[in-house]
Amino acid sequence: MNTILQNLRDAFSGDDDFFLQEETLIENPVVLAGCHSLMDLVLTKLSLQTYVNTAKQSNLTIDELKNVLGEVKVPADTKDLVTSIITGKLLIYFENDGSFVIMTPSPNPINRAIEPPINENVFLGSQNSFTEDINYNIGMLRKQISSDRIRVQSHLIGEEPTKLSLIYYEGHTNMELVQTIVEQIEKNKNKSIENLQQLSRLIIGLPSWTIISKFNQTELPQEAAKFLRKGRAILFVDRLPLALVVPGLFMDIFCMDSDRNLPLPLMWFLRVTRVIGAWLALILPGLYVALVSVNPEVLRIELALSIAQTRSGIPYPSIVEILLMLIIIELVIEASIRLPKNIGPTITMVGGIILGQAVVQAKLVSNLLIIVIAATTIANSTIVGLQQSLALRISKYVIVVMAALFGVLGILEGLVLVCAYLASLNTYGIPYLSFSKRMDEINRG
């Protein structure tokens, strides 16, 4: 047996999914190698026989047939062949000259169909979303932008090869940005990427302890296409049904491309509403603490007396009261995500109503706090993107603590801290607080 074939057999020893089968193509003995689970072997053989029959009718030589079947490897490296097998390719070994052909077989239907988005609801726009198949995702993105200037660079990362594709729009995307990303990928090519934390740390250079991601995540092809037109780069990771947009900017949390399907006044109304929602989510809990426990004198006397009456009999200071309710709401939100879809909304809604009524009747929290918590939770959900929403949920605790210490002035100090942190962030030299117009200037160099 050929040495490389023996090496392949040794590499997959004990793996019943791996196969080596002897066949004949145009009177040339060959050996087929691959994994049963990654291809439909029967359909692949039928397809191979069709190629052979066509080659005979066209009087093709065996070398011409090889070029038709796939990529010819002479000489072949065992590591490259193993990588081809585990990524779903069929190897055809020609015994006469020791050459290998890497052929794309008929795949097994192991990918889900294109479905509506799950985590990003679209008001007016396309209802398609990315899947786990990276080739499908690139194809859907090309459907959104019919241009010959879309460029795709693919890389295999790690010991367990993971396909990573970088997509950019030539003429729109800054080539220095593209070159920097490619250099990061090449520098960390031998390191495994099992999750987005590793990807952001190795490829994008994101510190581990940061609540703001330097890339946006979207499962909508039309949103990814919008970012390409605006000069961003897109990263796809095989088996991940998301497009990773580099760099992510602050204004992305308020703007969706589907907004532009509405008249201009309605589009701006939605975006201003999201901005107001973000401010309310940040400020409301801290404002409650500041006005109740530190600076009640800034309120009208009637309102101050009304608030004092709602808190009559409550044994805790306002900071403990609001932190208790915020943590409970975080638990309710997490439970609504983890519970089965058919019972999750019902249980969390009923549980929230009963829990809210019970804590008020037990004099553990005030009626006003229930209103503040409900408004904060709703406002927190108005911005675009789950990851950005999580960052906003964490940021409001800084405002609450500062408000408990310094009152209304503490709210201002907390906002300054949050804004200073956002201003300190950048991705490959592009500030996080950049606007789209500024990005265009950067791309033009």
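Residues are numbered from 1 along each chain as its sequence is written, and side-chain values use heavy atoms, with hydrogens and water left out. Because the model is predicted, local features need pLDDT of at least 70 and side-chain atom pairs count only at pLDDT 80 or more, while totals for chains, interfaces and linings use all residues.

Start with helix H1 (residues 3–11) and helix H4 (residues 78–86). Helices (H or I, at least four residues) and strands (E, at least two) are DSSP runs, numbered from the N terminus. The axes of H1 and H4 come within 10 Å and cross at roughly 50°. That makes H1 oblique to H4. Axes are lines fitted to C-alpha atoms, for helices over the stretch in contact, and angles run from 0 to 180 degrees between N-to-C directions. Angles under 35 degrees count as roughly parallel, over 145 as roughly antiparallel, 65 to 115 as roughly perpendicular and the rest as oblique. The crossing of H1 and H4 is right-handed, meaning that the near helix is turned clockwise from the far one by less than a right angle.

Where the two helices meet, H1 supplies Ile4, Asn7, Leu8 and Ala11, and H4 supplies Thr78, Leu81, Val82 and Ile85; contact means heavy atoms within 4.5 Å. Six residues of this contact are nonpolar, two are polar and none is charged. In this scheme Ala, Val, Leu, Ile, Met, Phe, Trp, Tyr, Cys and Pro count as nonpolar, Asp, Glu, Lys and Arg as charged, and the others, Gly among them, as polar.

H4 also takes part in the second largest pocket, where it gives four residues, the largest share of the lining. On a 1 Å grid over the protein atoms alone, a pocket is an open set of points with protein on both sides within 12 Å along at least five of seven lines, a cavity is a set where a 1.4 Å probe fits but cannot get out, and lining residues have an atom within 4 Å of a point. The pocket holds about 1,300 Å³ of space. Of its 37 lining residues, Thr87, Gly88, Asn135, Lys163 and Asp238 lie nearest its centre. The lining has 16 nonpolar, eleven polar and ten charged residues.

Helix H11 (318–338), helix H13 (367–380) and H14 each give two or more residues to the lining.

The contact includes Ala278, Leu282 and Val289 of H9 and Leu392, Lys396 and Ile399 of H14. By class, the residues of this contact are 13 nonpolar, two polar and one charged.

Conventions: Points joined across faces, edges and corners; volume = space filled by probe spheres on them.
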